[in-house]
Amino acid sequence: MADQQAVAPGAVMHRVGAPARTAHLKISHVGACLLIMVVVALLGCALGPVPVSPLRVLATMVDQLPFVTMTDTLTPSETAILVKLRLPRVALGLLVGGLLAGCGATYQGVFRNPLADPYLLGAASGAGLGAVTAIAVGLGGAGVWGVPLFAFVGALLAVALTYGLGGTGAYGGTTSLILAGVAVSAFASAVQTFLMQSNSEQLKEVYSWLLGRLATSGWRDVLLVLPYAVLSLGFVVINRRILDVMALGDEEATMVGLRPNRARILLVLAASLGTAAAVSVSGLIGFVGIVVPHLVRLVFGTSYRVIIPLSIIIGAALLVGTDIVARMALAPAEIPIGVVTAFLGAPFFLLLLRSARR
């Protein structure tokens with residue numbers, strides 16, 4: 001956005017009273033978060049019904065590089081399991097976790113609401129309605145043209161309807177959007193419940209999707225989400241400084257050269273696109289978009305120049321770690337990942353409410 005060129009970031013951070021240490025993204029912080037993500041990803045590749053050493057997994061990956069030869073690598077059968085099953089699942093977890101956390105942080109910045117999450121504008125309920133519709137009409141096993149496509153379209157339509165109802169006025173626009181999102185979510189949930197009741201024989205498949213999962217049989221879902229993740233998160237990361245300016249309020253943001261309505265629309269569209277892509281392949285996974293930005297804010301600082309990129313990295317690591325728990329806790333059975341994130345996120349959410357009340 002060209003409008004952000006008139007903003008003096010240092011002045012903005014000074015005006016909102018944030019400590020100087022929170023205004024800049026430190027390489028050491030990025031490195032530490034990336035290290036955590038890599039370790040969790042290696043564990044995700046190593047743990048499973050056929051456990052292998054994370055060091056052997058790492059050696060096998062390094063062995064694929066040109067002019068590099070490693071010893072103590074995986075056997076051919078273990079390599080096949082790694083490449084065809086575990087690596088795609090870990091990669092999908094990294095993408096979905098990064099999308100949910102990054103989009104959650106974006107929504108919190110745009111709406112100046114610390115409790116905002118990626119499902120604020122009806123994206124979750126729209127995706128749920130689309131998925132249930134696909135299953136109800138017999139497209140549950142149609143690959144990318146079935147549940148993921150219907151969920152993606154449903155999420156985008158719900159966000160578009162929310163914008164159509166809520167408008168984007170300079171004053172009260174945020175409140176109107178949130179109220180419209182609540183209305184759209186309620187309507188979509190009602191239609192979804194009706195379809196589920198009318199197709200009771202497919203309830204198991206519906207609930208399996210609604211509770212969230214990262215089950216994948218290859219790289220199809222990863223390749224499906226990757227372009228949207230690059231577009232959505234790339235746009236948000238590039239324009240993350242605008243969120244610090246918007247924290248001042250619309251009048252102050254206009255005074256420093258920003259068009260808040262235009263910025264709000266573009267950022268919400270980018271976050272909604274990322275949310276729709278994540279939900280379309282993983283189902284409904286809650287609390288990641290709320291918990292991760294708050295953790296980053298508490299540990300690393302309050303500037304969105306810091307919160308956005310670190311939330312993406314930590315969110316990716318958190319969802320892969322949560323998936324490990326979902327796979328291993330009751331092995332060989334698998335807990336829906338949305339249940340695990342709810343177990344972890346609900347207590348944290350209650351602590352946030354208690355702190356806010358104080």
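1. Axes here are lines fitted to C-alpha atoms, for helices over the stretch in contact, and the angles between their N-to-C directions run from 0 to 180 degrees. The note below concerns a predicted model, and its values should be read accordingly.

2. Overall composition. The protein contains 15 helices and zero strands. Of its 358 residues, 50% count as buried. Among contacts with a separation of 6 or more, 75% are accounted for by residues 24 or more positions apart.

3. Helices α3 and α4. Helix α3 (residues 54-63) packs against α4 at an angle of about 90 degrees, and the two axes are 12 Å apart. Because angles of 65 to 115 degrees count as roughly perpendicular, α3 is roughly perpendicular to α4. On the α3 side the contact is made by R56, V57, T60 and M61, and on the α4 side by E78, T79, L82 and L87. By class, this contact of α3 with α4 comprises four nonpolar, two polar and two charged residues.

4. Helices α13 and α14. The axes of helix α13 (residues 288-300) and helix α14 (residues 304-328) come within 8 Å and cross at roughly 125 degrees. That angle makes α13 oblique to α14. The crossing in which α13 passes α14 is right-handed. From α13, the residues in contact are V288, V292, P293, V296, R297 and F300; α14 contributes Y304, V306, I307, L310, S311, I314, G315, L318 and L319. The residues of this contact of α13 with α14 divide into 12 nonpolar, two polar and one charged.

5. The largest nonpolar core. This core has 78 residues, of which V96, F111, L121, W209 and V225 touch the most other members. Helix α4 (residues 76-111) supplies the largest share of the core, 12 residues. Apart from this core lies another, of 11 residues, with A41, C45, L74 and L82 among them. L82 of α4 also takes part in the contact with α3.

6. The surroundings of W209. Which residues does W209 touch, leaving aside those up to four places away in sequence? They are A127, G128, A131, V147, A151, V279, S280, S282, G283 and L284. W209 is also one of the residues that touch the most other members of the largest nonpolar core.

Methods:
Residues are numbered from 1 along each chain as its sequence is written. This is a predicted model: local features need pLDDT of at least 70, side-chain atom pairs count only at pLDDT 80 or more; totals for chains, interfaces and linings use all residues. Side-chain values use heavy atoms; hydrogens and water are left out. Helices (H or I, at least four residues) and strands (E, at least two) are DSSP runs, numbered from the N terminus. Angles under 35 degrees count as roughly parallel, over 145 as roughly antiparallel, 65 to 115 as roughly perpendicular and the rest as oblique. A crossing is left-handed if the near helix is turned anticlockwise from the far one by less than a right angle, and right-handed if clockwise. Contact means heavy atoms within 4.5 Å. Ala, Val, Leu, Ile, Met, Phe, Trp, Tyr, Cys and Pro count as nonpolar, Asp, Glu, Lys and Arg as charged, and the others, Gly among them, as polar. A nonpolar core is a set of buried Ala, Val, Leu, Ile, Met, Phe, Trp, Tyr and Cys residues joined through side-chain atoms within 4.5 Å. Buried means under 20% relative accessible area, exposed over 50%, partly exposed in between (1.4 Å probe, protein chains only).
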